[in-house]
Amino acid sequence: MTHAFFRALIRWVLRLLLRVRVEGDTQQLLRGRPLIVANHDSLLDGVLIGLFLPGAPTVMVTGDALKPRLVRWLMAAVPYVIVEPARPLAVKQLIRQIRSGRAAAIFPQGRTTTTGGVMKVYDSAGVIASHCRADIIPLRIKGTLYSRFAATGGNFPRRWLPRVTLTVMPAVKLPEIPALPARERRRRLADEVLKIMQRMMFDSRPHRTLFGAFLDAAALYGRGTRIIEDVRGQPETYSDLLKMSLALGRLATHVSSEGETVGVLMPNISMAICLILGLTAMRRTPAMLNYTSGPEAMQGACIAAGIRTVITSRRFIEVARLDAAMRGLSDFRILYLEDLRLRFTAADKLWLAGYALWRPRSAVLAQDPQQTAVVLFTSGSEARPKGVAISHEAMLANMAQLQAVIDFGPNDKYLNALPLYHTFGLIACTLMPIITGTRLFLYTNPLHHRVIPELAYTRDCTYIFGTSTFLGNYARQAHLYDFYRARVVISGGEKLNAEVAELWLRKFGVRIMEGYGATECGPAMALNTLLCYREGTVGRFLPGIEYRITTVPGIVQGGALHVRSPNLMSGYYFYEEPGVLHPPRSEVGVGWHNTGDVIEVDEDGYVTIQGRVKRFAKIAGEMVSLELLERVACQAAPAFKHAATVEQIAGSGESTILFTTDPRLDRVTLQKAARQIGAMDLAVARRIIHVESLPLLGSGKTDYVTLKRNVEQGRIPDTVSHGC
């Protein structure tokens, strides 16, 4: 048998069995100096690259990859070189080949992934590309992760014959690396290749709707897979969620019209998730109402988004004591799930059991992924909340961005107690695990500081989420062993307190990963990760996010952040123009969003948040960050809570005021703390108010609106004492 015949035979067999499909511009592999960098999900990857890409690229493999006899036999059909420390000449051979214009392929992470995501990236790909001035061509291999040749273990689904797709992405060049010591230069090259790999993982995402992504997950991981558990203690499968989603979606067609925005007032339970999925499947838009914001804010939210109907539960209203809130919504039609069940007729049951469960894609309404999937509401300083329209594409894009930089999957289990009306709680902590086959435990109240650590222990949760305030309270109440399975803890929603981070590291040996997001841009725009971490920052921007930084008068350090990305909202709904969508735009241009945050980005791309533009005070002609005042207070009294705001002094202008739960904190102590961290004297609050506790929003953030309103109206509690 000739080599050409053997090669053609193996290619024909693999194409038949794995239904191999090649996408993208493959002609770029035949010009220039092509270096293919690919994700490495299984031992078959090298065979597929060598057989199905034009030009028969030479594949760089390790000796370990050739140990299985079948792999060795298949690799005989493709050109390859073995790269190990004992074989340095193989790298030189590859460099000569690329310089001659012949394609070569390398797996930058070396070994096959054990996580399903990008792992550590070695510097070899960057060094080779730099020496050759190569055209780096990212290649996303999909499907082999679920083959019998994959190295991943645990609960990942396995198929003998998975469908395989090779997606060739547009070529990129490495940026110019300045003259650096050899070790630092190699680190920078590896870092650039890591960015390319993460961007490849994001750009190769499928474009679909939320319900379509849910159906894909159910098909991949199996309808019988237990995926979610809530306070009822009954694990539910994809099949259970599908049945409930279709039923609730069908009921929604009886009480709402196509394209209507429907208010959802529900706690963290699986039925709430099914209601969201069912509404989107039937082309209705769920609007998640913040039941902690009060009757006036909820009424304003409903008016802004054009809501006519609100779906809730009598049991929830009773337990959460929301009777006053419901009276505030008396102008809207309130529907209770307990009553809706009675409207599910025999015809509906026949539709569900005889058709929809068997052909769910045909049973729901087709829609464009760019259409609005959900409406959330801001909790900023405006008098009335704004509705934020988020498309299917934006939600799933943010999930894909997170998947590209951190690993999670069937071997993990999320613990989420953050509310569903918050972008962090809804998208990152609830919908994302369901879409990615990651088990989820939903809890209803993040304020149960003793209960949540116990749940993390008894449910073997590996991913923990919370605001800095919540995480600090959990750590203080937890037993040393409660978070023994936690491998990733992510903080968001507010700035991570250094004392909280140190407490988790000291008590549990876990480093908290701080993220930065916004309702308008999803739960994360930047995130510290295990691969890319820098203390004091919120990590790097996620792949696919464009940003601009504009100067702010009076602020020397940093500038205002404007972003444009696939995860950006579709637009705002305002109270003054109910139901009218206003697409994003800023002074940078149409399609850009001014986040209102002042940031700095260092030379390695790490983002430091200086504060909100609105949270600066002009003191003696200087712009002073209120977050800096809080940082000074945390340095002085790390075990207590602090919040700074501005007050107007007649004849003097703005002055700063600090609320603190430390009864002994004074300006002398603050001045010493300011000197310790190198802060200016203006970073010490002019007035100190001691309080027993700070007001919090339902998401765990400090309620600055209430604090400022109390200061403006002179409503300081009688129990406080005033510093001088």
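This is a predicted model: local features need pLDDT of at least 70, side-chain atom pairs count only at pLDDT 80 or more; totals for chains, interfaces and linings use all residues.

Me: Salt bridges, then. How many does the count come to?

Reply: The count comes to 30.

Me: Which residues are linked in a network?

Reply: Arg208, Asp216 and Arg361 are linked that way. Arg208 and Asp216 meet at 2.8 Å, N to O, and Asp216 also has a salt bridge with Arg361, with the closest N and O atoms 2.6 Å apart.

Me: What does the pair Asp216 and Arg361 tie together?

Reply: Asp216 sits in helix H7 and Arg361 in helix H15, so the pair ties together parts that are 145 residues apart in sequence.

Me: And Glu236, buried or exposed?

Reply: Buried, because its relative accessible area is 8%, under the 20% cut-off. Its salt-bridge partner is Arg232, at 3.0 Å, and Arg232 counts as exposed at 52%.

Me: Switching to strands: what does E25 pair with?

Reply: Strand E15 (residues 387-391) runs antiparallel to E25 and is joined to it by three bridges. E25 also pairs with E26 in the antiparallel sense, over three bridges, and those two form a hairpin with two residues between them. Tyr573 is the bridge partner of Gly387, and in E26 the partner of Tyr573 is Leu581.

Me: Last one, where does Gly611 lie?

Reply: In strand E30, residues 607-612. Gly611 counts as buried, at 0% relative accessibility. Leaving aside neighbours within four places in sequence, its contacts include Phe616, Ser625 and Asp597. Asp597 is 14 residues away in sequence and 5.8 Å away in space, C-alpha to C-alpha.

Conventions: Residues are numbered from 1 along each chain as its sequence is written. Side-chain values use heavy atoms; hydrogens and water are left out. Helices (H or I, at least four residues) and strands (E, at least two) are DSSP runs, numbered from the N terminus. Buried means under 20% relative accessible area, exposed over 50%, partly exposed in between (1.4 Å probe, protein chains only). Contact means heavy atoms within 4.5 Å. Two strands pair if DSSP finds at least two bridges between them. A salt bridge is a side-chain nitrogen of Lys or Arg within 4 Å of a carboxyl oxygen of Asp or Glu.
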